[in-house]
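Q: I would like to learn how to read aromatic pairs and helix packing in a model of this kind. Could we go through them one at a time?

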Amino acid sequence: MVNLTEPYNSLFSVLSFFTKYSFLLICSVFMINKILEFVHELKIGEEQSGKSRKTVNLAYENMQKYKEIPIFFAFATKEMENSLNFHLHNKFTDNVMILQGLAAIRKFKSLLEQGNQSVLNNGKVVLSCIGRYEALEEILQIVNLTDPQHPYKFGVYIDEADTYGIDHDQVISEVKKDNIINSIADGKNVARVIEITATPMSQ
């Protein structure tokens, strides 16, 4: 006599196995994807080779393709800040809101904390500041905001990155500033960190 229940028992065992482990598999895939999503690059080139302009172009592409909000740190001189902002205003034109300086960034953070998502301008906003500690603290809080939830990630672009000494120790920098830059790179809503610097031979 044929045991008709045997195939069903086997099928039940297979289904039970997948039910038991599918959740763990999904979680693992999700965690791997989150790790793979993060990008950390060091862009090296000769001085005055257009690195900043090329990086602004890259940030623009990432805004269009991945809905990333760019955050730019300029080396702590007014000349560098003016140069960076010149490139930003030339590239980010179509209804993109460019927030420059510490006061503008503080206001942006305050409105976002209050749940005012209109300040995100549908993801078309750029933050730009000199890399002084006070500004870095504000940015650190912005990239770690989890409430309110929003669909945007941040791309962090650091001009003359060797000044900060992230992941490479060619230049000795202030430990406090170095630590906060690395904390920003680990921010909950940071998708990428791009460091821009000249080659060691051109320093």
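Q: How many aromatic pairs does the rule give here?
A: Rings of Phe, Tyr and Trp (its six-membered ring) pair if their centres lie within 6.5 Å, and planes under 30 degrees apart count as stacked, over 60 as edge-to-face and the rest as tilted. By this rule the count comes to two aromatic pairs. The model is a predicted one, in which local features need pLDDT of at least 70 and side-chain atom pairs count only at pLDDT 80 or more, while totals for chains, interfaces and linings use all residues. Residues are numbered from 1 along each chain as its sequence is written, and side-chain values use heavy atoms, with hydrogens and water left out.

Q: Which geometry does the pair of Y60 and F92 have, and where do its members lie?
A: Y60 and F92 are edge-to-face, at 5.5 Å centre to centre with 65° between the planes. Y60 belongs to helix 2 (residues 51-66) and F92 to the loop between helix 3 (78-91) and strand 3 (97-100), so that the pair links parts of the chain 32 residues apart, where helices (H or I, at least four residues) and strands (E, at least two) are DSSP runs numbered from the N terminus. Buried means under 20% relative accessible area, exposed over 50% and partly exposed in between (1.4 Å probe, protein chains only). Y60, at 22% relative accessibility, therefore counts as partly exposed, whereas F92, at 3%, counts as buried.

Q: What is the geometry of the pair formed by F72 and Y157?
A: F72 and Y157 are stacked, with 5.0 Å centre to centre and 20° between the planes. This pair also links distant parts of the chain, since F72 lies in strand 2 (residues 68-74) and Y157 in strand 5 (residues 153-159), 85 residues apart. F72 counts as buried because its relative accessibility is 2%, and Y157 counts as buried at 1%.

Q: How is the packing of helix 4 and helix 5 described?
A: Two packed helices are described by the angle between their axes and the distance between the axes. Axes are lines fitted to C-alpha atoms, for helices over the stretch in contact, and angles run from 0 to 180 degrees between N-to-C directions. Helix 4 (residues 102-113) and helix 5 (residues 133-143) pack at about 25°, with their axes 10 Å apart. Helix 4 and helix 5 are therefore roughly parallel to each other, given that angles under 35 degrees count as roughly parallel, over 145 as roughly antiparallel, 65 to 115 as roughly perpendicular and the rest as oblique.
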